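Please look over the structure below.

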Amino acid sequence: MSLRYMIPASKFKRYLPKDYVELVDYGPFGKKYSEVGVKNMGAYKELVEEHPMCSGCWMAYYIKIIFASLPNPENTVTIGTAGCGRLAISQAAVPFVYGNYGDQNAMASGMTRAFRLRFPDIQKDVITIAGDGGMMDIGFSMTMHAWFRREKFTTIMLDNETYGNTGGQESGMSMEGAVLKMSPKGKNFGKLPAMQLAITAGCVYVVKMSPTNINKASKAIRRAIFAARNLGPTFIHAYTSCNIEYSIPTPDVFADAKEKEKGRFAFEEYMTPEAKELFAQIESKTKREVS
Amino acid sequence: MSLNKTLVDMDYLLNEAPREKHFITGAQAMAEAVKRASVDMAIAYPITPQSEVMHLVGDIYAQGHIKEYYRAEEELGTMSAIAGAARAGVRLFTATSGPGLLRGLEAIVSWPGHRVPCVLGILTRVVNAPLSIQPDNIEMAYMLHCGAVMLHAENQQDTFDYTLAAFAITEKVDVYIPVAVATEGFFVTHAKGYVNMMDEKYAYKEVDPYEAPVPAMDNEVPPARIQRDAPVQKSNFMSYLIHSVWQQEIWDSNRRAMKYIYQYLGGPIEVINPDADVFILASGCAAAQAREANRYAEEEGLSVGLIKVKAIRPFPKQEIRDALKNAKSVIIPEHNIIGWLASEVKSSIDNSGIVVDGPRVYGGMTLPVELIMTEIYTALGMETETLQA
C-alpha cells in the first residue's frame with residue numbers, strides 16, 4: 001500500500017498543493033535508483049528542496065545526498081533530534097519524527113521492532129540522523145545501547161564538531177584545543193572515537209568520511225541501509241562543517257571538506273564478512289543499483 | 001497470537017466475563033491485566049521496588065501473550081522507545097517508579113503532545129535524597145501537569161481493573177493520550193490481596209492502528225505525509241499558535257477521558273455515607289486506610305463519610321464539589337509530604353477552609369488508622385487521648 005497511499009484520486013488532484021502533486025508525478029517514489037538518485041539530482045523532484053540552513057552549509061548539502069540516496073523513500077522513516085540538521089530533515093518529503101534530546105536511537109529501536117511486528121513482509125527503513133552532540137554527547141548511551149542490542153536500523157551522524165544550532169559550544173566531537181563557547185581556554189580532550197565505538201558495539205557496517213564525492217557518499221548510505229535491513233546496526237560518521245562557527249568563508253567550504261578528507265576524515269570503511277557478501281550480491285546483480 | 005484467545009471488547013471483559021477469586025500481589029495483578037490486554041510490545045527497565053511488574057511481564061512475553069519485549073538501557077531509553085514504537089502503531093506497556101519515573105520524565109511528559117497512546121504503570125517510591133526505596137507517592141505530583149490521564153489504585157483488585165481499563169481509554173479516538181495507572185509500591189505491589197479475574201483465555205481486542213485519530217508514521221495510512229512540514233520554522237507566530245491549540249487539544253482530550261472512567265470504572269470517585277458532616281477523602285493506598293477509619297468510626301457510632309478518588313487526571317472537580325457540598329470538614333490523608341491531593345481538592349471547592357491538611361506520612365512510613373481517627377475526633381469536636389497528652 002505504501003506507494004498507492006500517496007497517489008491522489010485524479011479528480012482530487014487539482015485541489016492538492018502543487019508541491020504534493022509534483023512529488024507524486026516527478027518525485028523519486030517507486031522509481032529505480034538509476035532513474036533518480038544522486039546522479040540525476042536537479043532532473044527530478046527531490047525530497048529536500050527548500051531549507052532554512054545557512055548559506056554554504058555543508059550539512060544541508062549532505063542531507064540532500066542522504067535523501068537522494070534512499071533505496072525506498074516510500075517506505076522510509078527518519079528520526080532526529082534538536083540541532084541544525086533537523087531544520088532541513090523535517091522539510092523532506094519523508095515522515096520525520098522529532099523526539100526529545102538525543103533519544104533518536106532509542107525511538108528507532110522501538111519503531112524498528114514495532115514495524116517488524118506489524119509488517120513482517122514489508123521492509124520499512126528506519127534511519128536516525130543527528131548531530132555530534134545528539135549522537136555522542138546527550139544521546140551517547142542510547143546510541144551505544146541500540147548498537148549493542150543489534151537493532152536493525154541505520155545511524156547517520158552529522159559531525160560539525162560543535163553545537164552549531166545553539167551557538168557554537170564545545171562538543172565531544174570537537175578537536176582538542178578548539179576554542180569554542182564553553183571551552184574558552186580550548187578543549188582539553190580530543191574527539192570521541194566514534195568509528196571505533198561503533199565497531200566495538202557491534203555495527204556491521206561503519207563508514208567515516210568527508211562527503212566530497214556524491215557517488216561515494218551515496219554508495220555508503222545505500223550500503224548502510226541495505227546492511228541494516230537484515231544484518232544489524234550500521235553507522236555513518238560524516239563531516240558536515242559548520243561554516244559559521246568555524247568561520248569558513250562560503251566559497252571555501254568545499255576546499256575545507258577536501259582538506260579534512262586528507263586528515264581526520266580520511267575515508268575509512270569497515271564491514272563484517274556477512275556485510276561484504278551482501279554487498280557483493282546486491283552490487284553484482286545490478287551495478288547501478290548501488291553505486 | 002497462538003494461544004487461542006477469545007478477543008472481546010472492554011465492556012465485556014470488565015463487566016461480563018466470568019471471574020474467579022485469586023490471592024495475588026499488586027505486581028502480579030498488574031501483570032495479569034497486561035496478559036489480558038493483547039499488548040504488542042513491552043519495554044522494561046529494572047527499578048526497586050517495582051521491578052517485579054516488568055519482569056513478570058517478561059515472563060508473560062516468554063509465554064507468548066506479548067509479541068515483543070526487551071530490557072532497555074535506562075528509563076529515558078525505555079520511554080523514548082515507547083514513543084518510537086507508538087509511531088509505528090502498536091499497543092504498548094511499561095512501568096516504573098520514583099527516581100526512574102523522573103529519569104524518564106522528559107520523554108513521558110512529551111507523550112501526550114506526541115499523541116502516544118500507551119499504559120504506564122507507576123509503582124510509587126520515594127524520590128531521593130536521602131536514599132530510600134520505600135513507598136511514597138510524591139512522584140505523582142510531577143506527573144500532574146503533563147496531560148496524561150492518571151488513575152490511582154487502592155488495592156490489588158483496582159490495580160487489575162484500572163490497568164485493563166487504561167488500555168481501552170488510551171486508544172479512544174477522542175482521547176488518544178497515555179494513561180498512567182499508579183499504586184503504592186510495597187503496600188500494594190508486594191502485598192497479596194484478593195483479585196477477581198476473568199480466565200486468561202479472554203483478552204481485549206487487538207489494536208487497530210487504522211482507527212487511530214493520529215495516523216501511525218508507517219507510510220501506510222492516508223493521507224500521505226509527504227508534504228514538507230515543519231511548522232515551527234514558519235514563524236514564531238505560527239509556532240505560538242500551533243503549540244497553544246495543540247496543548248488545548250491535549251487537555252480537552254484529558255477531560256474527554258472522564259466519560260470512559262464512568263463507563264469502565266463506575267466514575268472517578270466512590271462515596272460512602274454521603275450525608276455526613278465530616279469526610280475522609282483519599283486516593284490509592286491511603287484510601288484503604290481511610291476505608292478502615294470509616295469502618296472504625298461506624299463501629300463507634302460516629303457519622304463519617306468517605307470519598308475515594310480514583311481518577312487524578314482528569315480531576316473530578318465537579319464530583320468532589322457536589323460530594324462536599326454540605327461538608328463541614330474533609331480530612332485528606334496522603335503518602336507524601338507536599339499534600340498534592342489536598343492542593344487539588346482545595347483548588348476545586350469554594351470553601352477550601354474545610355480541608356484538613358493531613359495526616360501525611362512519607363519516606364515509606366505506614367499510615368496508621370489511628371492518625372486518621374485523631375483528625376476525625378478533632379473535626380467532630382471530641383477530645384482525644386493524643387490531644388490530652
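## Model

This is a predicted model. Local features need pLDDT of at least 70. Side-chain atom pairs count only at pLDDT 80 or more.

## Where chain B meets chain A

Chain B contributes 36 residues and chain A contributes 39 residues. On chain B, four elements each supply at least two residues of the side that touches chain A: strand 3 (41-44), strand 4 (68-71), helix 4 (75-87) and helix 6 (105-108). Helix 4 of chain B gives the largest share of that side, nine residues.

## Two domains in chain B

Chain B splits into domain 1, spanning 6-210, and domain 2, spanning 269-388. Their C-alpha centres lie 27 Å apart. The contact between them draws 23 residues from domain 1 of chain B and 19 residues from domain 2 of chain B.

Which elements supply at least two residues each on the side of domain 1 of chain B that touches domain 2 of chain B? They are helix 8 (139-143), strand 7 (149-152) and strand 8 (179-184) of chain B. Strand 7 of chain B gives the most to this side, with four residues. By class, the side of domain 1 of chain B that touches domain 2 of chain B holds 14 nonpolar, six polar and three charged residues.

## The sheet of chain A

Chain A has an open sheet of seven strands. Their order is 2-1-3-4-6-5-7, and the pairing is mixed. Strand 2 (96-98) and strand 7 (268-271) of chain A are the edge strands, and each pairs on one side only. From one strand to the next, the twist averages 15°.

At one end of that order, strand 1 (residues 76-80) of chain A runs parallel to strand 2 of chain A. Three bridges join the two strands. A:Gly80 has A:Tyr98, in strand 2 of chain A, as its bridge partner.

## A helix on the sheet

Helix 8 (residues 194-201) of chain A packs on the sheet. Which strands does helix 8 of chain A touch? The list is strand 4 (154-159), strand 5 (205-209), strand 6 (234-239) and strand 7 of chain A. The direction of helix 8 of chain A makes about 175° with that of strand 5 of chain A.

How values were computed:
Residues numbered from 1 in each chain as written. Chains lettered and ligands numbered in written order. Contact = placed C-beta atoms within 7 Å. Domains from an automatic or database assignment. Nonpolar A, V, L, I, M, F, W, Y, C, P; charged D, E, K, R; others polar. Pairing = 2+ DSSP bridges. Axes fitted to C-alpha atoms, helices over the stretch in contact; angles between N-to-C directions.
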